[in-house]
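Morning, everyone. Please look at the model on the screen. I have two topics today.

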Amino acid sequence: MFFTTLSNFIVFLVLVGIIALPAFFLDFFYPFSHKICVKISDYIVRMCAPLIFSILKTYTQFRLTLFSDKKQELPEQFILISNHQSLLDIPVYMVFLKGRDVRFVAKDSLSHHIPLVSPMLKSHGHCFIPRIGGASVGMKRIDAFSRRCLENKWNPVIFPEGTRSRDGSVGKFYSAGFRIIADSTKLPIVACVVDEGYKINDIRHVVENMRNVNYHVKILKVYPPALTKEDQVAILEDSHNLMEKQLEEWRK
């Protein structure tokens with residue numbers, strides 16, 4: 001157990017080394033040049049993220065299982081909804097949807113004082129929802145984010161649970177943010193599911209549990225645009241049920 005934890009820690013340090021230089025330049029250039037930061041962020045998504053997952057697979061037996069059988073069904077542009085288990089869900093989806101410009105609705109704390117993460121997410125135009133200031137502030141940000149997605153042909157990603165699941169179960173889905181994106185963009189909706197991210201949802205568990213993780217990602221269903229409130233509620237209910245069924249099947 002000691003040597004397993006030690007080897008995981010050493011690999012963790014190697015991964016930090018891989019992203020240290022891009023993170024430094026990203027922090028350095030962020031106050032001065034948005035264009036340079038976007039290029040650095042693109043490099044991290046295209047090159048660093050796949051390399052990191054390859055190293056994890058080789059040296060820690062961490063597995064990332066990407067079910068790509070329904071990728072051919074993906075529309076040119078879409079809204080993605082998913083359950084949420086870990087901060088790693090974001091880079092996992094970036095790898096899974098490589099070649100697609102995805103942008104996430106995330107909590108506002110990720111936009112402040114986190115090396116690499118904060119300037120990268122901000123330079124790429126992701127949406128940050130504050131925990132304080134009232135619901136109206138968050139709704140205005142999501143509406144503006146939806147318009148940016150249409151203008152730039154990005155694919156918005158939202159986790160309807162609103163927060164990470166600590167035990168891997170699918171929590172209650174909240175409809176407000178999803179409905180704004182659906183109303184503003186009128187894009188098709190893609191339901192996906194992830195699993196086993198909850199086993200490594202903090203630094204301690206990353207070091208201890210990495211060998212026990214098989215991170216699953218799967219497309220469950222592609223829905224047409226939800227143009228009415230009733231359609232939007234029905235899609236959230238159906239996708240929630242599909243996610244629960246898929247998790248139950250995987251965990252057998």
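Predicted model: local features only at pLDDT ≥ 70, side-chain atom pairs only at ≥ 80, totals over all residues.

Residues are numbered from 1 along each chain as its sequence is written, and side-chain values use heavy atoms, with hydrogens and water left out.

First, helix H8, residues 229–250. Helices here are DSSP runs of H or I, at least four residues, and strands are runs of E, at least two, numbered from the N terminus. H8 has 22 residues and reaches 32 Å from its first C-alpha to its last. That is close to the 32 Å expected at 1.5 Å a residue, counting one less than its number of residues.

Which residues of H8 are buried? Gln 232, Ile 235, Leu 236, Ser 239, His 240, Met 243, Gln 246, Leu 247 and Trp 250. Buried means under 20% relative accessible area, exposed over 50%, with a 1.4 Å probe and protein chains only. The face turned away carries exposed residues, including Glu 237 and Lys 245.

Now the second largest pocket. By class, its lining has 16 nonpolar, six polar and four charged residues. Nonpolar covers Ala, Val, Leu, Ile, Met, Phe, Trp, Tyr, Cys and Pro; charged is Asp, Glu, Lys and Arg; the others, Gly among them, are polar. H5 gives the largest share of that lining, four residues.
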